[in-house]
Amino acid sequence: MALSDEALAQARAAAQETVRQVRANKPQLDDASIDLILRDARSHYAWTDKPVSEALLKTLYDITIAGPTSMNTCPARFVFVTSQEGKQRLAKSLKAKNIDKMMDAPVTAIIAWDPEFWRELSFLFPHEDRTPLFDGKPEYCHDTAYRNSTLQGAYFMIAARAMGLDVGAMSGFSNAIVDQEFFAENGWKSNFLCNLGYADETALFQKLPRFPFEKVCSFL
């Protein structure tokens, strides 16, 4: 339900004050925090047997969805595969070299997207009707959902690292098999997989190169 003009003004003022307080409390992350989530973080492919609780996954989701998406569309859908049965089903889609990586991880998240995301815009974007932008426009729906679910997948990985978890994203699988195995009824589409847990660092190798600023950045 759309807010009244007065309620909208109050909500905006509250949101602005919240941001001011966040900035006052923590103007920026320290170097150690940046190292944890990005600079010195690594993708992991071997795991300890330390479990990841459902409560922790719910908190991870709550942090992830705070990240921005276009028109607040929030098209990403998350399936946390933790059971042996679920892992066996997921293994059907994987390239052989990725099966053990997935089976050994405490959790494998399927990051997916809902092609019908726009039908929820009356809840997610209540102050203006944006459904005509999407209704009957499958290509625009696809582009919006794929792009923004990918963004949400990145938020998910950074949030997990910030919470002390390790992650290992994977694209070496058949999206078609995952979609048939897990989403035949609801029509969701898989984007990528992400193993999640507490890593065994002994499997790490050296960090691969990154481009220098001058090679890929410019000013206009």
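Predicted model: local features only at pLDDT ≥ 70, side-chain atom pairs only at ≥ 80, totals over all residues.
Residues are numbered from 1 along each chain as its sequence is written, and side-chain values use heavy atoms, with hydrogens and water left out.

Glu139 belongs to helix H7, which spans residues 138-162; helices are DSSP runs (H or I) of at least four residues and strands (E) of at least two, numbered from the N terminus. A separation of 10.0 Å was computed between the C-alpha atoms of Glu139 and Pro115, which lie 24 residues apart along the chain.

Asn191, located in strand E4 (residues 189-197), counts as buried because its relative accessibility is 10%, buried being under 20%. The side chain of Asn191 forms polar contacts with those of Ser149, at 3.0 Å, and Thr150, at 2.8 Å. A polar contact is a pair of N or O atoms within 3.5 Å; within protein, one must be able to donate a hydrogen and the other to accept it, and residues adjacent in sequence count only if both atoms are side-chain atoms. Not counting residues up to four places away in sequence, Asn191 also touches other residues, including Ile111, Trp113, Tyr146 and Phe173 (contact: heavy atoms within 4.5 Å).

Terms used. Buried < 20%, exposed > 50% of the residue type's maximum accessible area, 1.4 Å probe, protein only.
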